[in-house]
Amino acid sequence: MREILFKAKRIDNGKWIEGYYQKRYDLLDNEEHLIFHADSHTVWEYAEVDSETLCQFTGLCDKNGNKIWENDIFQYTDETMVAQRDLIEYNETHASFVRLHNTEKLGLQYLWIDEATCNHGEVIGNIFDNKELLQEES
């Protein structure tokens with residue numbers, strides 16, 4: 001069973017934090033988005049995060065052992081030895097994580113992300129910090 005983890009950028013310093021997500025309301029009925037994380041073996045802390053940057057862990061790791069998150073940019077070499085870059089997304093229709101793949105001939109395609117694919121590629125960034133990585137090279 002995969003661990004249900006999230007990551008997002010902290011409101012206070014803009015750094016990424018990963019842990020367990022909770023949405024709650026304060027006494028004035030303002031919405032708060034929090035990530036709880038263990039600071040040590042016995043102390044749990046939380047940080048308020050920007051909900052626009054919230055990403056869920058796919059349960060898979062790339063060839064370097066890095067976790068693959070929703071909104072990551074994943075690079076791999078296809079069967080024709082051409083380097084490809086896909087965006088990792090959650091597809092509600094199929095209730096699973098997919099690679100959003102763009103080709104000149106076929107346009108946008110949703111491709112499954114599985115262990116075999118992950119073992120041959122790597123995360124090179126994410127849509128929030130490295131959007132330019134998805135732009136077509138001229």
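How many disulfides does a search of the whole structure find? The search finds zero disulfides, a disulfide being a pair of cysteine sulfur atoms within 2.5 Å.

## Model and cysteines

This is a predicted model, in which local features need pLDDT of at least 70 and side-chain atom pairs count only at pLDDT 80 or more, while totals for chains, interfaces and linings use all residues. Residues are numbered from 1 along each chain as its sequence is written, and side-chain values use heavy atoms, with hydrogens and water left out.

Cys 55 is in no disulfide, and its nearest cysteine sulfur, that of Cys 61, is 15 Å away. For Cys 118, also in no disulfide, the nearest cysteine sulfur is again that of Cys 61, at 8.2 Å. Cys 55 is buried at a relative accessible area of 1%, and Cys 118 is buried with a value of 1%. Buried means under 20% relative accessible area, exposed over 50%, and partly exposed in between (1.4 Å probe, protein chains only).

## The six-stranded sheet

An open sheet is formed by six strands in the order E4-E3-E2-E1-E5-E6, with antiparallel pairing. Strands E4 (44–48) and E6 (67–69) stand at the edges; each has a single partner strand, so one side of each is left without a neighbour in the sheet. Neighbouring strands are turned by 50 degrees against each other on average, direction ignored. Strands are DSSP runs (E, at least two residues), numbered from the N terminus, and two of them pair if DSSP finds at least two bridges between them. Axes for the angles are lines fitted to C-alpha atoms, and angles run from 0 to 180 degrees between N-to-C directions.

## Pairings and hairpins

Strand E2 (residues 16–25) pairs with strand E3 (residues 31–38) in the antiparallel sense over six bridges, and Gln 22 stands opposite Leu 34 in E3. The two strands form a hairpin with five residues between them, and Asp 29 in the turn has a positive phi of about 70 degrees.

On to the next pairs: E3 and E4 are antiparallel over five bridges, with Ala 47 in E4 as the bridge partner of Ile 35. Five residues link E3 to E4 in a hairpin. Strand E5 (residues 55–61) is joined to E6 by two bridges and runs antiparallel to it; Phe 57 has Trp 69 in E6 as its bridge partner.

## Nonpolar cores

The largest nonpolar core has eight residues: Leu 60, Ile 68, Phe 74, Tyr 76, Ile 88, Phe 97, Ile 113 and Cys 118. Apart from it lies another core, of seven residues, including Phe 6, Ala 8, Ile 17 and Leu 54. A nonpolar core is a set of buried Ala, Val, Leu, Ile, Met, Phe, Trp, Tyr and Cys residues joined through side-chain atoms within 4.5 Å.

Phe 97 lies in strand E9 (residues 96–103) and counts as buried at 8% relative accessibility. The C-alpha atoms of Phe 97 and Tyr 76 are separated by 17 Å, the two residues being 21 residues apart along the chain.

## Asp 86

Asp 86 is in strand E8 (residues 83–91) and, at 0% relative accessibility, counts as buried. Its side chain is joined to that of Tyr 76 by a polar contact of 3.1 Å. A polar contact is a pair of N or O atoms within 3.5 Å; within protein, one must be able to donate a hydrogen and the other to accept it, and residues adjacent in sequence count only if both atoms are side-chain atoms.

Not counting residues up to four places away in sequence, Asp 86 touches residues including Phe 74, Tyr 76, Arg 99 and His 101, where contact means heavy atoms within 4.5 Å.

Notes: Helices (H or I, at least four residues) and strands (E, at least two) are DSSP runs, numbered from the N terminus.
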